[in-house]
Amino acid sequence: NVLSIAYYASGDYSNALSTFQQNLDRGGPRGPHMALFLAASHAQLGDEESARMHFSDILKQYPGFPSERWLGRWLVDASQLEETLGLMRSHSQAAH
């Protein structure tokens, strides 16, 4: 999962998504932290439907998860953090 996040942080969203999916397919850890980057990767690649679905699942399954704080620990580039948070907010609202 760290490799997937590194791909995401470097702007390589396609490899981030692929690596996240491979990890999940192998039974890797699941949870809001991985679902968040999975959803954001879909959004960055223009897969609006998958992004909305994953963001909606995060809100339903983990309503108290501190998404913004958690993302802030991994994304050190302020503009990328704000872009990702914006994607999260817009897709989360669209899912309702």
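A search of the whole structure finds one salt bridge, defined as a side-chain nitrogen of Lys or Arg within 4 Å of a carboxyl oxygen of Asp or Glu. Side chains of opposite charge can pair when their charged atoms come close. Here Arg 89 pairs with Glu 68, and the closest N and O atoms are 3.0 Å apart. The pair links distant parts of the chain: Arg 89 sits in helix H6 and Glu 68 in helix H5, 21 residues apart. Helices (H or I, at least four residues) are DSSP runs, numbered from the N terminus. Arg 89 is partly exposed, with a relative accessible area of 34%. Glu 68 is also partly exposed, at 41%. Buried means under 20% relative accessible area, exposed means over 50%, and partly exposed lies in between (1.4 Å probe, protein chains only).

The model is predicted: local features need pLDDT of at least 70, side-chain atom pairs count only at pLDDT 80 or more, and totals for chains, interfaces and linings use all residues. Residues are numbered from 1 along each chain as its sequence is written, and side-chain values use heavy atoms, with hydrogens and water left out.

The interior was examined next. A nonpolar core is a set of buried Ala, Val, Leu, Ile, Met, Phe, Trp, Tyr and Cys residues joined through side-chain atoms within 4.5 Å. The largest such core has 25 residues, of which Tyr 8, Phe 20, Leu 36, Phe 37, Phe 55 and Leu 71 touch the most other members. Helix H1 (2–9), helix H2 (13–25), H3, helix H4 (48–61), helix H5 (67–74) and H6 each supply at least two residues of this core. The largest share, eight residues, comes from H3.

Helix H3 covers residues 32–44. Its 13 residues reach 18 Å from the first C-alpha to the last, close to the 18 Å expected at 1.5 Å a residue. The expected span is 1.5 Å times one less than the number of residues. H3 is mostly covered, with 12 of its 13 residues buried. Among them are Leu 36, Phe 37, Ala 40 and Gln 44. Leu 36 is in contact (heavy atoms within 4.5 Å) with Phe 55, Ile 58, Phe 65, Ser 67, Trp 70, Leu 71 and Met 88, leaving aside its neighbours within four places in sequence. Gly 46 follows H3 and has a positive phi, near 85°.

Helix H4 was compared with its expected span in turn. H4 has 14 residues and reaches 20 Å from its first C-alpha to its last, close to the 20 Å expected at 1.5 Å a residue. In H4, the buried residues include His 54, Phe 55 and Ile 58.

Aromatic rings were then considered. A pair of aromatic rings is described by the distance of the centres and the angle of the planes. Rings of Phe, Tyr and Trp (its six-membered ring) pair if their centres lie within 6.5 Å; planes under 30 degrees apart count as stacked, over 60 as edge-to-face and the rest as tilted. By this rule the count comes to six aromatic pairs. The rings of Phe 37 and Trp 70 have centres 5.5 Å apart and planes at 65°, so the pair is edge-to-face. Phe 37 lies in helix H3 and Trp 70 in helix H5, so the pair ties together parts 33 residues apart in sequence. Both Phe 37 and Trp 70 are buried. Trp 70 also pairs with Trp 74 in a tilted arrangement, 5.7 Å centre to centre with 40° between the planes. Both tryptophans lie in helix H5, four residues apart, about one turn of the helix. Trp 70 counts as buried, at 14% relative accessibility, whereas Trp 74 is partly exposed at 35%. Ring pairs link Tyr 8, Tyr 13, Phe 20, Phe 37, Phe 65, Trp 70 and Trp 74 into a cluster.

Tyr 8 also takes part in polar contacts. A polar contact is a pair of N or O atoms within 3.5 Å; within protein, one must be able to donate a hydrogen and the other to accept it, and residues adjacent in sequence count only if both atoms are side-chain atoms. Thr 84 lies in helix H6 (residues 78–94). Its side chain makes a polar contact with the side chain of Tyr 8 at 2.7 Å. Thr 84 is buried, with a relative accessible area of 1%. Gln 80 is found in helix H6 too, and is buried at 8%. The side chain of Gln 80 reaches the backbone oxygen of Tyr 8 at 2.9 Å.
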